[in-house]
Amino acid sequence: MNHYKNLSIQETSIGDYALVPIRMQDRECIRVWRNQQMYHLRQQQALTVEQQEAYFETVVAKLFEESEPKQLLFSYLHKGECIGYGGLVHIDYQKKSAELSFIMNTELEIDAFETHWTNYLQLIEPIAFNGIQLNKIYTYAFDLRPHLYPVLTKNGFLHERIIPNALIENEQSIPAHIHSKWNAKLRLITQDDRETTYQWAINPVVRKYAFQVSEITQTIHENWFMRKLEDKHCFYYILESASAETLGSIRFDIDASEPSINHGEQRTALISYLIDPSLHGQGWGLAILVMGEESAKYHGIQCLIGEVKPENTSSCAIFAKLGYESEIKSDRIRFKKSL
């Protein structure tokens, strides 16, 4: 069996089901399934036998020779028989992210769709997060199979965003939905995070984009930190990797004077977030906001507001990407989103 050079985990299994590096013997059944399911794939024309042979010989075979292949493909087996295939595609080794791809035997689509998608997600995750040390896996799906979305949600994927006009079919515009899962989680902040958050607060990169320009001493930070811990209108989280590395923080502050708190109107919170400056450029800013939105909804927050300096272009881009409406103020840009 072929092996990928950059994978520490080559195959995974659950009961009678397994994911193994793609087998050349499965190329014909894969071709048939792809041609039958072109409606939801980024495939414009039916594949011929000759095209499939050429693809496996010139593209797939070389994946096993490369140190950092752009895709890692796998055969999905039941008792050794191929019943589907998928992989990690569009791998970004700098941001440590990859898109998930998966199709199953067309005959299984109607009655066993959830079963096999769930199997696949559980089989591919350890390969992605442990075998290749990715931070993020995601699906990019045209809005043609809405029954896929609940399966993703059940398996810990969050709806990241919608890409409008992703596909034009019969003169109809079809969006694409991105669902993502990160090898990290949000946890409530504790007193043990006091020093870490202080070091972030005084970091020159963080200070550059902060609205408060006065010096932050250890005492000032400790007093502020303890007030936040005790504030019942503040929800404060740390983003933590699977290996317990602290990656950043996000905070939701609700104005205790807002009528919404006592009269059932839309509950609004101000977002404050930061990522450890040593980890900038790895996609954690978007991750912490997407995960934060889920936590905000859990606490009954219905509207989020983030205020950013115009020169903080990366943060502005993240808010815009996630569908926040912008309003330019005198010294800042205000981003707002209803959940």
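Buried means under 20% relative accessible area, exposed means over 50%, and partly exposed lies in between, using a 1.4 Å probe and protein chains only. By that rule, Cys234 is buried, at a relative accessible area of 8%. This is a predicted model, in which local features need pLDDT of at least 70, side-chain atom pairs count only at pLDDT 80 or more, and totals for chains, interfaces and linings use all residues. Residues are numbered from 1 along each chain as its sequence is written, and side-chain values use heavy atoms, with hydrogens and water left out.

**Overall build**

- The protein chain has 10 helices and 15 strands. Helices (H or I, at least four residues) and strands (E, at least two) are DSSP runs, numbered from the N terminus.
- Along the principal axes, the C-alpha atoms of the protein chain fill a box of roughly 70 × 45 × 35 Å.
- Of the 339 residues in the protein chain, 48% are buried.
- The protein chain exposes about 17,300 Å². Carbon and sulfur atoms supply 48% of that area. Accessible areas come from the Shrake-Rupley method with a 1.4 Å probe, and for residues only the protein chains shown count as cover.
- Among contacts in the protein chain with a separation of 6 or more, 62% join residues 24 or more positions apart. Contact means heavy atoms within 4.5 Å.

- Helix 3 covers residues 109-131 and spans only 29 Å between its end C-alpha atoms. A straight helix of 23 residues would span 33 Å at 1.5 Å a residue. The expected span is 1.5 Å times one less than the number of residues.
- Helix 3 has a kink of about 30°, centred on Thr115. The bend at a residue is the angle between axes fitted to the seven residues ending there and the seven starting there.
- Gln133 follows helix 3 and has a positive phi, near 60°. Gln133 sits in the loop between helix 3 and strand 6 (136-142).
- Gln133 counts as partly exposed, at 49% relative accessibility.

**Two other loop residues**

- Lys79 has a positive phi near 55° and is a residue other than glycine. Most residues other than glycine have a negative phi.
- Lys79 lies in the loop between strand 3 (72-78) and strand 4 (81-92). Lys79 is exposed, with a relative accessible area of 63%.
- Asn155 is in the loop between helix 4 (148-154) and strand 7 (158-169).
- Setting aside neighbours within four places in sequence, Asn155 is in contact with Thr118, Leu121, Gln122 and Lys181.

**Cysteines**

- The structure holds zero disulfides. A disulfide is a pair of cysteine sulfur atoms within 2.5 Å.
- For Cys29, the closest cysteine sulfur is in Cys82, 4.1 Å away, which is too far for a bond. Cys29 is partly exposed, at 24% relative accessibility.
- Cys234 is in no disulfide either, as the nearest cysteine sulfur, that of Cys303, is 17 Å away.

- Strand 15 (residues 333-338) has a covered face made of Ile333, Phe335 and Lys337. Its uncovered face holds Arg334, Lys336 and Ser338.
- In a regular strand the side chains alternate between the two faces of the sheet.
- Strand 13 (residues 303-308) pairs with strand 15 in the antiparallel sense over six bridges. Two strands pair if DSSP finds at least two bridges between them.
- Cys303 has Ser338 of strand 15 as its bridge partner.
- Strand 14 (residues 325-328) also pairs with strand 15 in the antiparallel sense, over four bridges. Glu325 stands opposite Lys336 of strand 15.
- Strands 14 and 15 form a hairpin, with four residues between them.

**Leu239**

- Leu239 lies in strand 10 (residues 234-241). Leu239 is buried, at 0% relative accessibility.
- Leu239 and Trp284 are 45 residues apart along the chain, and their C-alpha atoms are separated by 8.8 Å.
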